[in-house]
Amino acid sequence: MRFVTSEAEEAGPSSDLTALVWRYRHGYRRAGVLLCLCGVVIFAAGTHTHTLTHSRVSRASHPPGSAEGTSLASEILRRFRQLQMDHTWTESLYATLQFPDRSQSSSLCLVDSAGLVSEQIPLNPSDFCPYSATGSTTGGVVYANYGRPEDFNWLKSAGVSVIGCVVVMRVGGGVSFAEKVWLAERSGAGGALIYPDPADLPQDPRRLGLSTHTAVSEHVHLGSGDPFTPGFPSFNHTQFPPIQSSGLPLIPALPVSATVAAKLLSQLSGPSCPPSWRGRLPYVRCVVGPEFSSRRRVKMSVHNTMTPVLLNNIFSSVVGRVEPDQYIILGAQRDSLGPGAVKSGVGTAILLELARTFSAMVKNGFSPRRSLLFVSWDAGEFGNVGATEWLEGYLSMLHLKAVAYFSLDQAVMGDDVLSAYTSPLLVDLLDAAIRQVEHPKHAGQTIYSQAEREGGSWRIIKPLYLNSGAYSFTAFAGVPAMELRFTEERAYPFINTPLDSAARLQEVLGGRLGVTGRSLGELVGEMVLRLAHDHILPLRITSYAQTVLQFSAQLNKHSAELQSRGLSPQWVFSARGDYSRAAETLQRAIDYSDLHDPSTARSYNTRIMKVEYYFLSQYVSVVEMPFRHVIHGRGDHTLSALTEHLALLTSDPGTLRRATLQTTARSVHAGRYRERANALNGDVWSIRNTLTYTH
């Protein structure tokens, strides 16, 4: 790993690491050189160790509770212990997971008008969508493109009803399986089939691609964690009220291959679909259904069983020397329903390498100000169950202790384009890191300079998404989180399939897996180092003011409609101003303070760490709406939901009363923004709340 700390350092011989260590003996520079030294030793010794670890993790499928999964957990625990960090331990919990029924396979068939089976369609019995509803449904077939809200809206506008039908949707489109099934269910569908279209995932036999007979699997719980203990940790078979997550689907869902989808869609009749919906299935005219040309219907049956499974999250930590109760957390999913080269292998390998790097740094004299926590999570395939249950168990304290979380899941799917799914609070950290780390594919170019050549480094920043390993940390627990990923323009086709092997990933990358993993590790290492070392946490506390400003601009478009109905958006505007001024005042105070005074630094850091937490709405139930973050969350309490409801004021007058009521309810956000501003202001004598009466 490389740090540019001065012109002299750049000019000196890069191989003379010992001279560099002696040149910078103190503070961040010394830590940077130690990271450089240890990174070179580990990753240059090299990419070979990374590749071996990755190959071991992804040599076979290793779902939670399996013999292979248990063996892998034991090996990771052993490797953590070999590093001799300050603490290494395992936390166990029982969670309810869903697997295919071994006694009865799920099925798909065509039936005639009398309900008799006319054709059985072969399925792979191991393909399933965890947490699907079980049972059977029979109906017509409707093609709904990616199953996005706009896709179902188009069907409605075209007069195509999906009520009681089996909806066929493509993988992708920026929509998770859970969201597709939820939208289909909300539209009245009886069942859901999801397939990979060759237009989205390469399936050309002449190139490295997915077989047309391979399905892509993913869980369909619209949430995270154990859906049978929502809001509560599943520790030690603890008994909680018999409540299940509102995000569990009520309709059956199955993953199917492109071959199966083509068989169904080629027999549809009905209106033509929009040109943008056309995929590349052979012999398929793009029509949406719901009728078959042969007047047959589809019957799908899902047979899965719920099973309590013992899960193991594995932890290892380096204790901070000044503020040990503040943690920087790094984690990776360990389990996989298939080999999981991308799904779990890459992240686990990078996690272990970073743990080795920082452990070696400490042995060479690095003294982190804050604690580092390295975690191998279980049951990520089922909706980040291991991580979410841990968050639920420590929710009341995390906003006081967790500085940031870095997810290493699916970190390498290519070696060309970097994406960072992140909380806005971490953007400055990322910006500094990409200016330091060399691009894995373009020698001599930093990631920043290469991004600028290709349209701007701002393209790297993306919002957190539901299935991200980082999402629950921010949207549920109020901890700033980030997930980094290298991809290519051509999608990696094997994710969430039995073909996601180490050999295929290496072939996609042209043997550059180690180099790309090293770049990703360096990026995370740079950011973690600053968080662990700096006196004041380097989080951009003013970032959310800009985010809310963008929302306010959208809100302002509906100002006339609101005011004509006796509602004023002024509270939102003034509350945003309160937050912005408080953030800027705190930043100025930090700039002019003695940051070497422990009590001063501690006071500022405590306020900074609460910023993300105070964006969790306190007006909704964590059981009913676990993702309470008003920016990144899901539900009627979010700013995005408010924007959608406001749009109804002009686009759908028939829902005016409901929209108006919900718009009124959203006004409580203004009070919550004032709370965020008060938290940044600190002491009660620094807060000035005045009432302004508007008519």
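This is a predicted model: local features need pLDDT of at least 70, side-chain atom pairs count only at pLDDT 80 or more; totals for chains, interfaces and linings use all residues.
In the parallel part of the structure, four strands make up an open sheet whose order is E5-E6-E7-E8. Strand E5, which spans residues 141–143, and strand E8, which spans 253–255, stand at the edges of this sheet with a single partner strand each, so that one side of each is left without a neighbour in the sheet. From one strand to the next, the twist averages 20°. The pairing of E5 with strand E6, residues 166–170, is parallel and extends over 3 bridges, and within E6 it is Val 166 that stands opposite Val 141. Helix H8, made up of residues 258–265, packs on this sheet and touches E5, E6 and strand E7 (191–195), and the direction of the helix makes about 125° with that of E7.

A further open sheet of 4 strands is arranged in the order E3-E2-E11-E4, and here the pairing is antiparallel. Its edges are formed by strand E3 (117–121) and strand E4 (135–139), each of which pairs on one side only. When direction is ignored, neighbouring strands of this sheet are turned by 20° against each other on average. Strand E2, which covers residues 107–111, runs antiparallel to E3 and is joined to E3 by 4 bridges; in this pairing, Leu 110 has Glu 119 of E3 as its bridge partner. Helix H8 also lies across E2, E3 and strand E11 (297–302), where it runs at about 155° to E3. In general terms, the strands of a sheet pair through backbone hydrogen bonds, in either a parallel or an antiparallel manner.

The structure holds 1 disulfide, which is formed by Cys 273 and Cys 286, with their sulfur atoms 1.6 Å apart. The angle about the S-S bond is 125°, and the link between Cys 273 and Cys 286 is right-handed. Both cysteines are placed in the loop between strand E9 (268–269) and strand E10 (291–292), and they are 13 residues apart.

Two features of the backbone are noted next. The peptide bond that joins Gly 289 and Pro 290 is cis, with an omega of about 15°, and Pro 290 is likewise found in the loop between E9 and E10. Ala 379, although a residue other than glycine, has a positive phi, with a value near 60°; this alanine is placed in the loop between strand E14 (370–377) and helix H10 (385–393).

The structure holds 2 cavities of 30 Å³ or more, and the largest cavity contains about 50 Å³ of space. The lining of the largest cavity is made up of Gln 333, Trp 377, Asp 378, Gly 380, Asn 384, Ala 387, Tyr 405, Asp 409, Gly 469 and Phe 473. Sorted by class, this lining comprises 4 nonpolar, 4 polar and 2 charged residues.

Methods:
Residues are numbered from 1 along each chain as its sequence is written. Side-chain values use heavy atoms; hydrogens and water are left out. On a 1 Å grid over the protein atoms alone, a cavity is a set of points where a 1.4 Å probe fits but cannot get out, and a pocket is an open set with protein on both sides within 12 Å along at least five of seven lines; lining residues have an atom within 4 Å of a point. Grid points are joined across faces, edges and corners, and a volume is the space filled by probe spheres set on the points. Ala, Val, Leu, Ile, Met, Phe, Trp, Tyr, Cys and Pro count as nonpolar, Asp, Glu, Lys and Arg as charged, and the others, Gly among them, as polar. Two strands pair if DSSP finds at least two bridges between them. Helices (H or I, at least four residues) and strands (E, at least two) are DSSP runs, numbered from the N terminus. Axes are lines fitted to C-alpha atoms, for helices over the stretch in contact, and angles run from 0 to 180 degrees between N-to-C directions. Contact means heavy atoms within 4.5 Å. A disulfide is a pair of cysteine sulfur atoms within 2.5 Å.
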